[in-house]
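Open the model and keep the sequence beside it. We will walk through it piece by piece.

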Amino acid sequence: MATQEIALPAVREPSASLMERLHGLVITVDHKKLGLMYIGTALGFLVVAGLMAVGIRLQLAVPVNKLLEPDVFNRFFTMHGTSMVFLVGMPIIAGLGNYLVPLMIGTRDMAFPRLNAFGYWMFLFGGLLLYFSYLGAPGLAGHGSAPDVGWFAYAPLTARAFSRGTSTDYWILSLLLTSVGSTVSAINVIATTIALRCPGMKLMRMPLLVWLMLVTNFMILLALPGLSGAQIMLLIDRYPGGHFFDTQAGGSAVIWQHFFWIFGHPEVYILMIPAFACLSEIIPVFSRKPIFGYPIMVGATAMIGLISVSVWAHHMFSVGMTSVGNTFFAISTFLVAIPTGIKIFNWLGTMYGGRIRFELPMLFCIAFLFQFLIAGLTGVMLAVVPFNWQLTDSYFVVAHFHYTLVGAFLFGIFAGFYYWYPKAVGRFLDPRLGLWHFWLFVIGFHLTFDTLHFAGFLGMPRRIFTYDAGRGWDTLNFIATVGALCQATAILVLAINIVRSAKKGRLAGNDPWDAWTLEWSTNSPPPDYNFATMPTVRSRRPLWDLKHPEDPDWKYE
Amino acid sequence: MSETEAKENDSMINEAYLSIAPETTEWKLPSARKVAIICLVLTETGLFSIFVAGYVFYIGKSLTGPTPRQVLDLPVLATIFLLSSSVTIVLAERAFNRDRVGLFKFFWFATIVLAGLFLTMTAVEWRKLIYHDGLTISTNLFGTTFYSLVGLHATHVVVGMCLLLLVFVFSLGGFVTIMHRERLQMISWYWHFVDAVWIVVFTVVYVIGR
């Protein structure tokens, strides 16, 4: 059988020069290329924003450090936060959705390929515009530099009187551009999922990743306008002289916070759900069991989506809302713990009694489970209003949300990288370098963010550029910086691995993990047309049905 | 998995689809365009909600005049123009579906004219507010929120008018054929959305806000 392989060779021009290949990237409308471009660009921004984090940590390593000037420090934490959310998290989601959704639902491209390319270029130029502020703001306007108002840009810090020059305008305009990109990409993924499924792929037969991407993209549609609207208002305040957030004319600075967090809190789940999606695909395959409680997982995801739009003001307990408001937002925040808890139990239920293979994707998933649990627990702690009053704006909060965004989101995405890299490139990521990446990152992560919880308990506030010796924060901060360097090394190992394995990695074949979803039924990397014959499915695990015709899933579903 | 095993696995899967017996039920999915336009309307609704929320929150909070009661008149005529354009676009679509090209062009053009009249009325209103009543976007909170919300809606009318004009110019050249039926329908859905938003804006700004 092995000799008469009818694999369709991927269309490749080995003689293509660099310019031709670049030109190919610029004109492409192929969902797989665009998906990889999204992810590649996001990794580029991850490195830049990660280096800023290293700069921040080095500055804070010892008391009264003079490494970074205070204003440089402010720009660093603003650019770090903004980049990580809008230029790393969002495009990685768009990239995964672009690459995987058409393959998983058995179609040949997205519903609107040109719109897809448009979304990518909006994101890329939005990102470049944000970083151009370093040159453009002082060079063209003669004032200011990169944005320095925090990624949430609270009013009235952003008013013209307090934010001179154009740095805040760069923040507004670049994010408006990337938001347009995210919106069209979300519309595209939803339309593809609903309108282009292969025959037999009913909604309740879709792989969980597709379901979760669907929910995430709906949340993008509902949440992003909150930010865009507020940013347009801010522009109106800054240029034609409006008064939306101008307290001297009767405006309210608090309403900016409401508008921002109406976007900002769903955003957290927009980022988290794709990580959940990766886990929901990877854990079953490496436990050799179908996912436990598929319909419950779908329902829990939808519930997270619904509840997450009613929790935003738990970011604002300290601005002085009524006790009714505080109670409402505390309770709704507690409620989110229910569907997320259901998810954790379902993943555990999938692993329970399975034949677990401890390959790299699975290792990242297991680390995710532990870290996400802790992140969730500190989240519930912060939802307790009096506790929040004590610890808000302290390093405890910093540690909490980095636990979710690094310890959970990034670990889930890394699991996805190790899992789908063989599909996208045709070769495995090197497992030895992968293990180095995993352990360096786990150790570095815990060194940094476990200790920062305690710095927060001891009263260390966020966003300070330095501190006096002898307040009990010195050792903790030093350990955190060592951890940050560990994590940076881990990312370097990952980068080397990605580049090296593309040429030298072990050949993967079409279905290296013995998995069950449609993307593994085509070549690695998939040809431009994805599938030579359009697939037909009869169950949630079409490849299981193929490999086990004597005992197919569709008999039981 | 060893290399040979992997290869066997591959070839088995490559030949695969034949071996799955297709289900007999028919496979029908909604049109991607319709899903996309509904999504667009959803996210636009979010954008308008933020501006409406801002408007409602700031009603009566201006520290200086003029107030809405002093300067705003009910834009009855403009409203009639815009809402009737929703009717003419439906008539245009109906004529198009019955292959009556002349009638289609007439009603489509009527839609554009009505939209243009609406925008003209808005321009007249703004001119009066700015030059006669001295209300600009920077005068007070009312000015800021009023021009933002009404301006956001007017922007959507302008975008819709561009789409309508594009179709009209193409139809004059005879390029609009039956295969564009769904595209025209999408433009008309967007247009209905813009009209529906006007009803909300009208209620909030000219009825509740006054």
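In α3(A), A:Gly89, A:Ile92, A:Leu96, A:Tyr99 and A:Leu100 meet a set of residues from α12(A): A:Phe409, A:Ile413, A:Gly416, A:Trp420 and A:Ala424. Look at the spacing of the numbers. An α-helix has 3.6 residues a turn, so residues three or four places apart point the same way. Now step back to the two helices. Helix α3 of chain A covers residues 70-104, and helix α12 of chain A covers residues 395-425. Their axes come within 12 Å and cross at roughly 35 degrees. The crossing of α3(A) and α12(A) is left-handed.

How far can chain A be trusted? Its pLDDT averages 93, and 97% of the residues score at least 70. Where pLDDT is low, the predicted coordinates should not be read in detail.

Next, take α6(A), residues 208-238. The helix has 31 residues, so at 1.5 Å a residue it should span 45 Å. Its end C-alpha atoms are 44 Å apart, which agrees. Where does α6(A) bend? The bend is at A:Leu221, by about 30 degrees. A proline, A:Pro225, follows within four residues. α6(A) is mostly covered, with 27 of its 31 residues buried.

A:Val309 and A:Ala223 are 86 residues apart in sequence, but 7.9 Å apart in space, C-alpha to C-alpha. Leaving aside neighbours within four places in sequence, A:Val309 is in contact with A:Leu222 and A:Pro266.

Follow the chain into helix α9 of chain A, residues 323-351. This helix has 29 residues and reaches 43 Å from its first C-alpha to its last, close to the 42 Å expected. Which of its residues are buried? They are A:Phe329, A:Ala330, A:Thr333, A:Val336, A:Pro339, A:Thr340, A:Lys343, A:Asn346, A:Trp347 and A:Thr350. What covers these buried residues of α9(A) includes α7 (254-287), α8 (294-308), α10 (360-383) and α11 (385-391) of chain A. After α9(A) comes A:Gly353, whose phi is positive, near 80 degrees.

Now for some backbone details. Most residues other than glycine have a negative phi, and most peptide bonds are trans. A cis peptide bond joins A:Ala155 and A:Pro156, with omega about 0 degrees. A:Pro156 is in the loop between α4 (113-141) and α5 (167-195) of chain A. Another cis peptide bond joins A:Ser524 and A:Pro525, with omega about -10 degrees. A:Pro525 is in the loop between α14 (474-504) and α15 (542-547) of chain A.

Then check phi. A:Arg463 is not a glycine, yet has a positive phi of about 65 degrees. A:Arg463 lies in the loop between α13 (431-457) and α14 of chain A. This arginine has 13 C-beta neighbours inside 10 Å, so A:Arg463 counts as partly exposed. B:Asp99 is not a glycine either, and has a positive phi of about 65 degrees. B:Asp99 is found in the loop between α4 (76-97) and α5 (101-132) of chain B. Because B:Asp99 has 9 C-beta neighbours inside 10 Å, it counts as exposed.

Stay with chain B. Its secondary structure comes to seven helices and zero strands. Of its 210 residues, 32% count as buried. Among its contacts between residues at least 6 apart in sequence, 82% join residues at least 24 apart.

Finish at B:Lys61, in the loop between α2 (32-57) and α3 (68-71) of chain B. What does B:Lys61 touch, leaving aside its neighbours within four places in sequence? B:Lys61 is in contact with A:Gly250 and B:Leu141. With 15 C-beta neighbours inside 10 Å, B:Lys61 counts as partly exposed. B:Ala78 is 17 residues away along the chain, and its C-alpha atom is separated from that of B:Lys61 by 27 Å.

Terms used
Residues numbered from 1 in each chain as written. Chains lettered and ligands numbered in written order. Predicted model: local features only at pLDDT ≥ 70, side-chain atom pairs only at ≥ 80, totals over all residues. Buried ≥ 20, exposed ≤ 12 C-beta atoms within 10 Å, placed from the backbone. Contact = placed C-beta atoms within 7 Å. Expected span 1.5 Å × (residues − 1). Bend = angle between axes of the 7 residues up to and from the residue. pLDDT = per-residue confidence, 0-100. Axes fitted to C-alpha atoms, helices over the stretch in contact; angles between N-to-C directions. Left-handed = near helix turned anticlockwise from the far one by under 90°.
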